[in-house]
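Thanks for coming, everyone. Let me put the structure up, and then we'll walk through it.

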There are 2 protein chains.
Amino acid sequence: MNETVPLDPGALTPEQARALFRAGLRVPTAGWCTGRTQANLIAVPRDQAYDLLLFAQRNPKPCPLLEVTEPGAVSAPIFPGDLRTDLPGYIVYEHGEPVAEVTDATEYWRGDLVSFLIGCSFTFETALRDAGVPIRHVEQGVNVPMYRTNRTCRRAGEFGGPLVVSMRPVPAAQIADAVRVTARYPSVHGAPVHVGDPLELGIADLGSPDYGDPVDVRVDEIPVFWACGVTPQAAVAASRPKFAIGHAPGHMAITDARDTRYLVP
Amino acid sequence: MNETVPLDPGALTPEQARALFRAGLRVPTAGWCTGRTQANLIAVPRDQAYDLLLFAQRNPKPCPLLEVTEPGAVSAPIFPGDLRTDLPGYIVYEHGEPVAEVTDATEYWRGDLVSFLIGCSFTFETALRDAGVPIRHVEQGVNVPMYRTNRTCRRAGEFGGPLVVSMRPVPAAQIADAVRVTARYPSVHGAPVHVGDPLELGIADLGSPDYGDPVDVRVDEIPVFWACGVTPQAAVAASRPKFAIGHAPGHMAITDARDTRYLVP
């Protein structure tokens with residue numbers, strides 16, 4: 001892989017970003033392609049797609065659906081690239097176990113896969129930043145920290161599991177702004193699900209995230225938790241369906257859709 | 001049927017209303033149970049449910065899903081009554097043709113039916129009325145007028161068809177209020193899809209609605225059109241699936257959920 005991270009990934013078009021990922025670049029996508037919607041991917045065989053679609057309907061906070069493809073389709077109206085290659089990373093699951101982590105999922109792709117594109121909280125980070133709220137993982141150049149919680153999703157058929165959350169530390173004086181700004185983007189997880197003590201979500205140690213990297217929480221800051229589109233992958237791990245392909249957490253599908261498309265009044 | 005319309009249906013609890021409908025009362029439900037969420041019903045056999053669920057996902061404006069039941073279930077968390085009997089009216093479809101209009105669907109119900117509860121615009125009429133916007137069909141004591149339009153829904157598997165809309169005449173000076181108020185309720189159709197000339201939606205004569213009753217449009221008023229949860233029934237008529245049961249348009253499932261549950265900031 002000869003591709004390197006560009007100097008200003010925020011200025012790239014989605015098409016340029018997808019070309020870099022197609023060429024093999026593996027990097028978290030927070031801060032990339034300012035103003036564009038980012039999406040989680042979970043793809044399952046058609047015979048598991050009803051249960052997963054129902055799981056998303058019953059758990060709209062972690063699983064806001066942006067698009068569901070026809071079986072075998074590798075692109076979508078909001079994602080004119082190739083879903084098999086144009087994300088920076090993939091995890092392939094068999095019976096709930098990760099069996100491969102790849103930057104090109106072509107050899108694992110199946111003709112009966114239905115792809116679910118689920119809104120990602122990276123999408124509202126532009127609006128947060130515009131409101132003056134710090135985005136610590138972008139400042140530190142690492143992946144956002146994500147945690148499995150003690151909250152259980154509503155089951156649908158074979159899919160059940162814990163709610164997964166992403167965490168951003170926010171100065172106490174800016175909590176209200178962070179809530180107000182993100183609440184206007186329900187399709188990319190909307191308002192936080194929890195503000196404050198991680199233990200109430202069953203998170204014992206913020207320094208050991210289940211996915212992504214730890215970030216610094218400063219003395220005047222409070223951890224704020226948003227529902228996360230990795231939740232379906234936690235459901236895959238818990239429910240052990242035969243086959244699934246997900247994005248590598250934090251390594252998202254960058255769509256052509258502008259973030260304002262998902263802004264509510 | 002010995003039940004008569006109560007003097008103040010807005011003051012009834014959902015449980016009281018459902019008991020009246022279960023006893024056989026057939027009446028449109030606009031204005032009933034102030035502050036409670038009303039829902040459209042469409043029930044299809046399990047083997048058609050994936051296509052219908054995908055149709056709803058792809059057409060969220062007419063088909064905002066409040067709940068999807070397990071196959072054979074006749075109640076839901078927000079609707080603790082009996083879906084077979086507790087709506088004021090039902091239409092039974094075979095191959096897209098209405099074969100029965102009944103107030104009790106028990107004899108047609110099947111053990112493999114998946115019920116979809118879809119938000120209804122009657123839900124935001126309380127907020128409209130509180131904002132001083134007239135609700136003409138309630139004033140005139142008739143059913144809301146609904147129309148099939150020339151706008152085509154996104155197809156999903158076997159389901160396709162036209163967008164159906166409901167219409168409320170609004171004084172020109174109050175259009176902005178009507179938009180602003182209803183936009184805050186996306187789960188019950190949200191902001192209007194069209195304000196003004198019915199011909200642009202392919203509606204030739206407001207006086208001849210496809211469902212419900214015509215209402216007076218006064219000289220200072222503009223017709224305002226909202227996406228309508230009868231849309232899946234128009235898809236059933238257009239796509240001719242083997243079997244379906246819908247509510248009689250305007251004769252809704254009255255749920256226990258408060259309308260504020262679906263209010264966005």
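Start at Val74(A), which sits in the loop between β2 and β3 (90-94) of chain A. Helices (H or I, at least four residues) and strands (E, at least two) are DSSP runs, numbered from the N terminus. Val74(A) touches Gly81(A), Asp82(A), Leu83(A), Arg84(A) and Trp109(A), leaving aside residues up to four places away in sequence. Contact here is heavy atoms within 4.5 Å. From Val74(A) to Arg154(A) is 80 residues in sequence and 29 Å in space, C-alpha to C-alpha.

Ground rules, quickly. This is a predicted model, where local features need pLDDT of at least 70 and side-chain atom pairs count only at pLDDT 80 or more, while totals for chains, interfaces and linings use all residues. Residues are numbered from 1 along each chain as its sequence is written, chains are lettered from A and ligands numbered from 1 in the order in which they are written, and side-chain values use heavy atoms, with hydrogens and water left out.

Back to Arg154(A). Its side chain meets that of Glu67(B) in a salt bridge, at 3.1 Å, N to O. The rule is a side-chain nitrogen of Lys or Arg within 4 Å of a carboxyl oxygen of Asp or Glu. Between chain B and chain A, the count is four salt bridges.

How much area is buried between chain B and chain A? About 1,600 Å², with carbon and sulfur atoms giving 55%. Buried area is the accessible area (1.4 Å probe) that two parts lose on being put together, summed over both. In chain B, Tyr50(B), Leu53(B) and Gln57(B) lose the most area to chain A, together 36% of what that side buries. The contact takes 18 residues from chain B and 18 residues from chain A.

Over all chains, the salt bridge count comes to 28. One of them joins Glu101(B) and Arg26(B), at 2.9 Å, N to O. That pair links distant parts of the chain, 75 residues apart: Glu101(B) is in strand β4 (residues 97-102), and Arg26(B) is in the loop between α1 (14-22) and β1 (36-45) of chain B.

On a 1 Å grid over the protein atoms alone, a cavity is a set of points where a 1.4 Å probe fits but cannot get out; a pocket is an open set with protein on both sides within 12 Å along at least five of seven lines; lining residues have an atom within 4 Å of a point. Grid points are joined across faces, edges and corners, and a volume is the space filled by probe spheres set on the points.

The largest pocket has a volume of about 1,800 Å³. Its lining has 47 residues, with Pro60(A), Pro186(A), Ser187(A), Pro186(B) and Ser187(B) nearest the centre. In both chain A and chain B, α2 (46-58) and β2 (65-68) each supply at least two lining residues. Where does this pocket lie in chain B? Domain 1 (9-121 + 239-262) and domain 2 (127-227) both give residues to the lining, so the pocket lies between them. Those bounds come from an automatic or database domain assignment.

Last, the cavities. There are three of 30 Å³ or more. The largest cavity holds about 100 Å³.
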